Amino acid sequence: MIGPRGMKPVRRLSPRNVIIYGTLTILALYYLLPLYVMVVTSLKGMPEIRMGNIFAPPVELTFEPWIQAWAHTCTGLSCDGLSRGFFNSVKITIPSVIVSIAVASVNGYALANWRFKGADIFFTILIIGAFIPYQVMIYPMVILLREMGLYGSLGGLVLVHTVFGMPILTLLFRNYFSSLPEELFKAARVDGAGFWSIYFNIMLPMSLPIFVVAIILQVTGIWNDFLFGVIFTRPENYPMTVQLNNIVNSVQGVKEYNVNMAATVLTGLVPLAIYFASGKLFVRGIAAGAVKG
Amino acid sequence: MEPSILINQLTLNYGPVEVLKKLDLDVPKGEFLVLLGSSGCGKSTLLNCIAGLLEPTDGQIHINGRNVTWEEPSRRGIGMVFQSYALYPQMTVEKNLTFGLKNAKVPRNEIAERVARAAGILQIEPLLKRRPSALSGGQRQRVAIGRALVRDVDVFLFDEPLSNLDAKLRAELRVEIKRLHQNLGNTMIYVTHDQVEAMTLADRIAIMRGGEIMQLASPSEIYNLPVNKYVASFIGSPSMNFFEAVLGQGEIKLKELSFPQQDYQWSSEQRSGQVWFGVRPEHVVSGDALGKCKTQFDVVVDMVEPMGSETLVWAKLAGEPFRFRLDGQTRIVKGDTVRVGFDLSLASMFDAQTERRI
């Protein structure tokens, strides 16, 4: 009765583990280093920055650059800081997210459950839309908005975000609704529920995960958008990203690296918070949108 | 009697594929009809057409004398029970039961009455406030039946309702469904691929294959007088033994064996030619029961499958595999020679070309 017995012992320091965890640690450091430099720099005063030790922690801790970035830094003629851009971005993101998800979820539901005539063609066109580079559609979109009298307004930008979010979101929702058991839908029809009744009473309550995923995708996507923001709005309506660019790239006067760093971290804070809060759901959303056809 | 359901020349095509082929069917009021067939035979498609969940390419469906071919499922006077239960997961059992009634704008006191009645019949009163996720499989299926019950309809449609349950529960609920039918007297159409369910529940069985009904008859007629070789082999477990045989000069010849035709129950005028000769394993007898049998022969045992109550024996007859059942207490091993026989009046013969019963 000698020899192996029971559970196999685990070797923590096996060559395989060393390689895996070693690689992961190095890569994580590599990606975290710039963030570290940014945060550290934003907490230093300008004299300290000029000494050139970008990796050194701040000797004299100061939060002045953060206040400066949020409330006082200048873009063009106005000097009210990034806060204006922040609230513009909020005004753009919230309606865009709500409208695009509301429309796309109904689209996906109709495509998955109500096999109407031409559904396949409609879906194909929508998917092709996802593969056309945005740049191709910018000029026609500008003309379209001008004709509608929405060019330059926040409403116009909300419309643009809703339209461009449609293909991927519809795909996401269609795939999700297709994965729900078909018999539920049939049972609801036998129970006399119509298009909207099934959507609101049966489908919506079962779809919280995919709505969370869609919200994450849209909030981060729209918040990080620069291209549409700079094209479709006027300076007073610029979203945070555009304003950040204008602050960082301004060529007049001294380069205030600490303020620039603080402004950048501030802008990235919203998506960052979303990533941290959602974690697994975000990964699931990317997989659901990208892998399934 | 007035037909409860009348189906006229029903056709359904998916592109070039014909799923249902000009199907005719009428079901009298109060009948329990089972649609039986292997997967892909069109039985579920037919049920979905009756429910209005699939649109037929051609043909008509009448329920209670009303042409409902273009009606919405909810306005056909049917209740349906699904294989996966299809209970709304976010609603309590009570809400599941009342959802359809609220959609139909039934007055509140009547809803309460109907739910109480259905819950009483199915003994699910203690479950009313629970969510489906907190129920066992059998309880879920009971609630699903309840959802059809509260609709107060004349026709119940069951789409393989017991297939997701384990064997013991299946047998229990089968009896309950049969009792339900006896108490309510509704017309019920029941789709299954399980022949035991079909035989035990049905007033009539429709055996389907390739979008057509092969045979529509009572369980005993389907078992004893199958119209063709497919039905004969489909019904019965283990399935019927088949042998190539030749008819002629008042005899049936299975290679070296031959016996007189006189006891066979003829279904046609054919008395000669190539045929399939079929005999069910449970109709083969041995020992004392052999006395009355005119057809007797010896076989050598190839394999034995003891099942407790009975023993299934594999042997060879006329060069073909030959299965038969013996009493479970019989002591028998591979290589033994057994004398067996059968009553020719219980056998079936099918034309070798058309495979129709003769």
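**View 1. The largest nonpolar core.** In this predicted model, the largest nonpolar core has 123 residues. Here a core is a set of buried Ala, Val, Leu, Ile, Met, Phe, Trp, Tyr and Cys residues joined through C-beta atoms within 7 Å, and buried means that 20 or more other C-beta atoms lie within 10 Å of the residue's own, with C-beta atoms placed from the backbone. A:Leu172 and B:Ile189 are among the members that touch the most others.

**View 2. Around B:Ile189.** Skipping residues up to four places away in sequence, B:Ile189 touches B:Val27, B:Leu33, B:Leu35, B:Leu47, B:Ile50 and B:Leu157. Contact means C-beta atoms, placed from the backbone, within 7 Å.

**View 3. An open sheet in chain B.** Five strands line up as E15-E19-E16-E17-E18, with antiparallel pairing; a pair needs at least two DSSP bridges. E15 (284-286) and E18 (320-327) of chain B sit at the edges with a single partner strand each, so one side of each has no neighbour in the sheet.

**View 4. E16 against E19.** Six bridges join E16 (residues 295-306) to antiparallel E19 (residues 337-342), both in chain B. B:Thr295 sits opposite B:Phe342.

**Reading the views.** Residues are numbered from 1 along each chain as its sequence is written, and chains are lettered from A and ligands numbered from 1 in the order written. As the model is predicted, local features need pLDDT of at least 70, side-chain atom pairs count only at pLDDT 80 or more, and totals for chains, interfaces and linings use all residues.

Key
Helix = DSSP H or I, 4+ residues; strand = E, 2+ residues; numbered from the N terminus. Buried ≥ 20, exposed ≤ 12 C-beta atoms within 10 Å, placed from the backbone. Contact = placed C-beta atoms within 7 Å.
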